[in-house]
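This report covers strand pairing, nonpolar cores and salt bridges. The structure comes before the text.

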Amino acid sequence: MAETVPVAPVAPPRPRRSWWGWGAAGKALPDRECVALGALVPGAAGTPLPVPDVRSVDLPAVRVAPPASLAHLMSDTPPDRASHTYGKACRDVVRALRGELGAAPDQVAFPRCEQDVVDVLDWAEGADVVVVPYGAGSSVVGGVEYRGDRRGGVLSLDLSALDRVLDIDTTGRAARIQAGVLGPDLEAQLRPHGLTLRHFPQSFEFSTLGGWLATRAGGHYATLLTHVDDLTQALRVVTPAGVNESLRVPGSGAGPSPDRLFLGSEGTLGVITEAWMRLQDRPRHKASASVLFDDFATAAGAVRAIAQSGLHPANCRLLDPGEAALAGVAGGGRSVLVLGVESAHFPVADRLAELVALARDHGGSPATAPAQPVAGNPAGGRSDDCAADAWRSAFLRMPYLRDGLARMSVISETFETACTWDRAEALYEAVQRDLGAVVRAVTGAEAMINCRFTHVYPDGPAPYFTVIAPARRGSEVAMWDEVKSAAMDLLGAHGATVTHHHAVGRDHRPGYDRQRPEPFARALRAAKTALDPAGILNPGVLFDGERG
């Protein structure tokens with residue numbers, strides 16, 4: 001039977017968040033480091049864009065006030081409004097630095113329970129106020145920025161106070177969890193029970209369970225349970241038409257899944273307030289190794305063999321030569337495959353050795369002997385594989401470097417996709433060649449275009465591309481938009497998805513509209529009309545118009 005978790009202790013203070021850029025404010029690059037970073041990109045600006053004082057930024061006048069019954073949940077202070085205006089894409093960072101905050105919400109609501117969410121939506125529907133659900137604001141696709149007619153006003157619905165694990169079923173390894181909990185706080189509440197959700201996106205420290213569910217987020221693990229969908233048992237969603245709660249069962253063939261309707265709905269069909277999530281025992285055995293390849297095509301072939309082998313590595317990250325050099329894990333034009341295995345119950349050394357042998361059989365050279373397994377350490381610790389550790393550190397630091405480049409007027413755009421194996425090589429070459437030509441035409445400079453495989457499946461990889469190029473100061477956003485548009489067109493032309501795990505938002509809408517079958521689009525619009533008849537929930541995400 002389910003064990004009811006006692007009231008969780010107060011979470012330790014979290015670092016002060018940056019209102020304009022990624023993550024913790026204290027980890028942003030200082031000016032001198034921005035200048036040094038910009039010096040590595042020929043054509044970058046010589047001085048960094050200054051960071052405005054959030055207390056004095058120019059915001060549009062507040063157009064709507066809450067009723068007295070909801071006033072205790074609302075804020076219209078400049079810091080709250082400014083920090084809820086944009087997500088964290090490069091174009092968002094640049095506009096925030098320039099103080100271009102015309103899209104700021106009029107109010108920010110901080111509900112403390114589900115009934116508060118119901119009450120806020122009821123008021124907003126009657127007042128014709130747009131509501132943008134907000135987890136932690138880590139979207140890089142325009143998912144939390146409202147760009148349409150401001151109607152009766154715009155409200156950002158911040159769910160961060162709904163941050164507790166409510167129940168744990170230790171027998172079935174599942175937990176009922178509020179949607180606003182941040183990744184580290186979620187894991188801290190599960191740790192005393194020896195359990196983990198085992199979902200670690202790059203944004204883990206600064207994103208919420210509800211955000212993962214609403215965007216169908218992909219985690220760190222490269223095979224098997226790659227998306228949060230795979231971990232979801234049941235959802236509870238507040239819509240203007242009522243509360244939708246799905247049945248909690250291990251599986252069901254009873255018609256189309258109600259959870260599938262809301263997973264990936266990005267706050268436009270309802271507000272996810274709770275979820276029953278499938279948990280796992282915390283891993284005790286871990287090991288990693290890295291393998292070098294002389295060319296990317298050979299490395300991709302090795303990764304395909306691994307993906308189809310049934311060995312299911314936890315980590316199977318392939319870095320092309322540019323990405324490997326940028327992360328400091330290899331040079332000389334070599335690609336690097338980072339492999340990792342883990343288990344809660346069994347030693348993993350033999351499985352890692354099998355993976356390394358398979359990579360060697362397909363043209364790879366182990367960079368190190370397989371690392372000594374890390375046993376009895378649920379937190380994981382460092383391994384003996386220097387390349388894997390160096391990549392991991394670079395991976396976590398990369399968003400802060402991106403912000404530093406943005407301050408130097410350098411475009412740093414990332415886009416991710418997935419395709420079948422028979423299309424992967426042509427897609428990789430086309431991005432290097434065709435998108436490189438677009439960037440030269442737009443910026444007048446050569447771009448650095450890198451790639452890594454973040455996830456791999458038996459039928460195809462999920463390539464993740466990074467584009468770095470200098471922009472003209474004052475034209476960064478326009479140039480970024482041109483590069484983004486070209487990237488979306490290129491993905492569509494090669495039969496690749498517009499997004500594997502970043503979601504659609506507003507930035508990927510053109511590509512999503514082309515990818516989505518029209519009969520399904522009509523059905524989705526009908527669902528929008530039924531669940532949100534006034535069209536107040538995050539208009540412009542997934543749909544055209546205010547009401548789908």
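Strand 13 and strand 15 (residues 335-343) run antiparallel and are joined by 9 bridges; Ser 288 has Gly 340 as its bridge partner in strand 15. Strand 13 also pairs with strand 16 (residues 365-366), again in the antiparallel sense, over 2 bridges, and Val 291 is partnered there by Pro 366. Strands pair here if DSSP finds at least two bridges between them. Helices (H or I, at least four residues) and strands (E, at least two) are DSSP runs, numbered from the N terminus.

The model is predicted: local features need pLDDT of at least 70 and side-chain atom pairs pLDDT 80 or more, while totals for chains, interfaces and linings use all residues. Residues are numbered from 1 along each chain as its sequence is written, and side-chain values use heavy atoms, with hydrogens and water left out.

Strand 13 (residues 285-293) is largely enclosed by the rest of the structure, because 9 of its 9 residues are buried (under 20% relative accessible area; exposed is over 50%, partly exposed in between; 1.4 Å probe, protein chains only). In a regular strand, side chains alternate between the two faces of the sheet. On one side of strand 13 the buried residues are His 285, Ala 287, Ala 289, Val 291 and Phe 293, and on the other Lys 286, Ser 288, Ser 290 and Leu 292.

A nonpolar core is a set of buried Ala, Val, Leu, Ile, Met, Phe, Trp, Tyr and Cys residues joined through side-chain atoms within 4.5 Å. The largest has 84 residues, and Leu 337 and Leu 435 have the most contacts inside it. Beyond its neighbours within four places in sequence, Leu 435 is in contact (heavy atoms within 4.5 Å) with residues including Phe 415, Ile 449, Val 467 and Leu 490. A second, separate core of 24 residues includes Trp 19, Val 93, Val 477 and Trp 480.

There are 30 salt bridges, each a side-chain nitrogen of Lys or Arg within 4 Å of a carboxyl oxygen of Asp or Glu.

| Pair | Distance |
|---|---|
| Asp 31 and Arg 407 | 2.7 Å |
| Arg 150 and Asp 106 | 3.4 Å |
| Arg 282 and Glu 187 | 3.1 Å |

Arg 282, in the loop between strand 12 (280-281) and strand 13, and Glu 187, in helix 5 (residues 183-190), are 95 residues apart in sequence, so their pair ties together separate parts. Arg 282 is buried at 12% relative accessible area, and Glu 187 is buried at 3%. Asp 31 is partly exposed at 42%, whereas Arg 407 is buried at 4%.
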